[in-house]
Each structure stands twice: as structure tokens, then as C-alpha cells.
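Here's a quick briefing to read with the structure open beside you. Take a moment to look it over, then work through the points below.

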Amino acid sequence: MAVRKGGRARHRPQRSCVVCRRKQDKRSLTRIVKRSEGLLIDPGGKAEGRGAYLCQQSACWEGAANGTALARALSVKLGEADRRRLLLGKPET
Ligand SMILES: [Zn+2]
């Protein structure tokens, strides 16, 4: 975080989507949290646990459910229920 890149919106926290890697305002991303019982979609960003962010493209949610990016970011193995939860929670775009 010490690197200072010239840019707009430096005052707003930025996170990148774990699938497409695009940096965005944290508030426009949805946090996914690793819980002992499985993944939790945490729109408020307040749940405890290790979190990763997904953007509002449904393709990224599909990529998270079917690919390895999210699983790797959270170092979990996605179960059937996790995949289903992600596909149900994906934005309608
Ligand atoms: Zn994305």
C-alpha cells in the first residue's frame, strides 16, 4: 500500500475482482467470505473471515463458481453448495 500511483479516487478504497482483476470502488464489488460452513455472500462487507471480491458482471460470478480464481483467492475448495450459492447470487447483467 506504500506505492503511490497517480490517479483519481485515491480517497476511496479500491479492490479488484478476483476473476477479471479489474480494480473498482470497493462499494461496487460484492464480498465473498470464507466461513467454516462454506462461502458466504456478504454484500455489507462486514462479516468476519477471509474475503474476496467479485464485481457486478455475471460472467465473473460464473467464473468464480466454475473456475479456480475465487477458490484460490480464499484457499478453499468450492463445494456444490458454494457453486450453487454463487450462481444464485450473481447479478442480473
Ligand atoms: Zn469481475
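**A quick tour of the chain**

S75 is partly exposed, with a relative accessible area of 45%. That residue sits in the loop between helix 2 and helix 3, and we'll come back to it below. Keep in mind that this is a predicted model.

**The overall layout**
- The chain has three helices and five strands, and from the N terminus they run β-β-β-β-β-α-α-α.
- Out of 93 residues in the chain, 31% are buried.

- Helix 1 covers residues 58–66, and its buried residues are S58, C60, W61, A64 and A65.
- Those buried residues fall within an arc of 160 degrees when you look down the axis of helix 1, so they line one face of the helix.
- An α-helix has 3.6 residues a turn, so residues three or four places apart point the same way.
- A59 and N66 are exposed on the other side of helix 1.
- The cover over the buried residues of helix 1 includes strand 3 (30–35), strand 4 (38–42), strand 5 (51–54), helix 2 (69–74) and helix 3 (80–89).

- Most residues other than glycine have a negative phi.
- S75 isn't a glycine, yet its phi is positive, at about 45 degrees.
- R21 isn't a glycine either, and its phi is positive at about 70 degrees.
- You'll find R21 in the loop between strand 1 (14–16) and strand 2 (23–25), where it counts as exposed at 59% relative accessibility.

How values were computed:
Residues numbered from 1 in each chain as written. Predicted model: local features only at pLDDT ≥ 70, side-chain atom pairs only at ≥ 80, totals over all residues. Heavy atoms only, no water. Helix = DSSP H or I, 4+ residues; strand = E, 2+ residues; numbered from the N terminus. Buried < 20%, exposed > 50% of the residue type's maximum accessible area, 1.4 Å probe, protein only. Arc of directions from axis to C-beta. Contact = heavy atoms within 4.5 Å.
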